[in-house]
Amino acid sequence: MKKRILSIVLASVMVMAMVGCGTAKAPAEEKEEAPATEEAAPEEAPAEEPEAEATEEAAPEEAASEGGLVYIISPSQDNPYFKAEVMGAEDKLNELGYTVKVVSHDDDATKQDQLYDAAIAEKAVGIISDNASADATAASVQKAKDAGIPTVLIGREINETGIAIAQIVSDNFQGARAGAEKFIELVGEEGNYVEFTGKESDTAAATRSAGFHDVLDQYPDLNMVAQQSANWDTAEAYSKMESILQSNQDIQGVVCGNDTMALGASQALKNAGITDVVVMGFDGSNESRDAIIAGDMSISVLQQAYANAQLGVEQMDQFLKTGSTGQEEKQLIECKVISAENAEKLETFKLSE
């Protein structure tokens, strides 16, 4: 009997052992499902491809800024001359692959200095500027130089050399003399005239006035009955011309240091019913061209603003790449006289031949 019981117990143990072995095989069955996981892997791989494509698409943007950031610091673009300068510089900088930031100092030397600080803080590689002051600007340019940032000055020069890498300016004295010679041709060698000068802080204002007088003072019967600064401003020239006319309407000519003042003076003369006065400006803007064609102005002196700004950018680019502009620091660009004979050939500070 005991043997029978023992046999039954042994049989039960063997059955349980077989069941236990079947459970032990479960991991092997899970291993057989592993290929399903391997098949899923190719489906996940394409998800990485868009990231690679996005990197490739970003490359042109990176290339466009490889040249670095260049600040253009100019007077207000409300003046068409300064707007043409900015356009010329910006177009050339974009063409050469630089990132461009355009800001205006509004002829405020303190604001200009703050903009130089901003350019230094943003690690600009260069500055193109038509400056706010022949004297105060020097400190700003020196500060940029000390930070390793070269400055090219266009339009207006400063009273120091050796700190800007280039000063590309119109030959204001030559242009003023050429304009004054045309003025004498139209007015004659006698009569009364008024002069409106630009900002006293601007070297160009003094240089142009000196050029005018280098010619006009040769004629003793040509009398300057008033000389005032209208600070390059149309409204100010208009107001001051009105005041002068209240005490003296016997005027044969008006000489202005820029076109905006000439436009203001000519409008005041027109409103007063005086139409036979020779009005001369300086810059060669489209507005002065139209006034000359209409008979409201007689003369302007063309500064090649767009081309001069592009020349400045080209020289900065060469300096950044080679360490030299290859030119003298101060470069004077010849001005051309605009009158009724050639006004129709003028477009955006460029005279077609």
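The largest pocket in this predicted model comes in at about 220 Å³. A pocket here is an open set of points on a 1 Å grid over the protein atoms alone, with protein on both sides within 12 Å along at least five of seven lines. Its volume is the space filled by probe spheres set on the points, with grid points joined across faces, edges and corners. Because this is a predicted model, local features need pLDDT of at least 70 and side-chain atom pairs count only at pLDDT 80 or more, while totals for chains, interfaces and linings use all residues. Residues are numbered from 1 along each chain as its sequence is written, and side-chain values use heavy atoms, with hydrogens and water left out.

- By type, the pocket lining splits into 3 nonpolar, 5 polar and 5 charged residues. In this scheme Ala, Val, Leu, Ile, Met, Phe, Trp, Tyr, Cys and Pro are nonpolar, Asp, Glu, Lys and Arg are charged, and the others, Gly among them, are polar.
- W232 has a positive phi of about 70 degrees although it is not a glycine, and it lies in the loop between β7 and α10. Helices (H or I, at least four residues) and strands (E, at least two) are DSSP runs, numbered from the N terminus.
- W232 counts as buried because its relative accessibility is 11%. The cut-offs are under 20% relative accessible area for buried, over 50% for exposed and in between for partly exposed (1.4 Å probe, protein chains only).
- N231 also has a positive phi, near 55 degrees, and is a residue other than glycine.
- N231 is found in the loop between β7 (222-229) and α10 (234-247), and with a relative accessible area of 29% N231 is partly exposed.

- A search of the whole structure turns up 1 cavity of 30 Å³ or more. A cavity is a set of grid points where a 1.4 Å probe fits but cannot get out.
- The largest cavity has a volume of about 110 Å³.
- Its lining has 13 residues, and Y81, F82, R156, R208 and D283 lie nearest the centre of the largest cavity.
- Two helices, α5 (80-95) and α9 (203-216), each supply at least two residues of that lining.
- The cavity lining is made up of 4 nonpolar, 4 polar and 5 charged residues.

**Aromatic pairs**

- There are 3 aromatic pairs in the structure. Rings of Phe, Tyr and Trp (its six-membered ring) pair if their centres lie within 6.5 Å; planes under 30 degrees apart are stacked, over 60 edge-to-face and the rest tilted.
- Y81 and F349 make an edge-to-face pair, 5.4 Å centre to centre with 80 degrees between the planes.
- That pair ties together distant parts of the chain, with Y81 in helix α5 and F349 in the loop between β13 (346-347) and β14 (350-351), 268 residues apart. Both Y81 and F349 are buried.
- F183 and Y193 are another edge-to-face pair, at 6.2 Å centre to centre and 70 degrees between the planes.
- F183 sits in helix α8 (residues 172-187) and Y193 in strand β6 (residues 191-197), 10 residues apart.
- F183 counts as buried at 0% relative accessibility, and Y193 counts as buried at 3%.
- Ring pairs also link Y81, F82 and F349 into a cluster.

- Buried residues in α8 include N172, G175, A176, G179, A180, K182, F183, I184 and V187.
- Just after α8, G188 takes a positive phi of about 100 degrees.
- L216 and R177 are 39 residues apart in sequence, yet 8.7 Å apart in space, C-alpha to C-alpha.
- L216 lies in helix α9 and counts as buried at 1% relative accessibility.

**Cysteines**

- The structure holds 0 disulfides (pairs of cysteine sulfur atoms within 2.5 Å).
- C256 counts as buried at 0% relative accessibility, as does C335 at 3%.

Methods
On a 1 Å grid over the protein atoms alone, a cavity is a set of points where a 1.4 Å probe fits but cannot get out, and a pocket is an open set with protein on both sides within 12 Å along at least five of seven lines; lining residues have an atom within 4 Å of a point.
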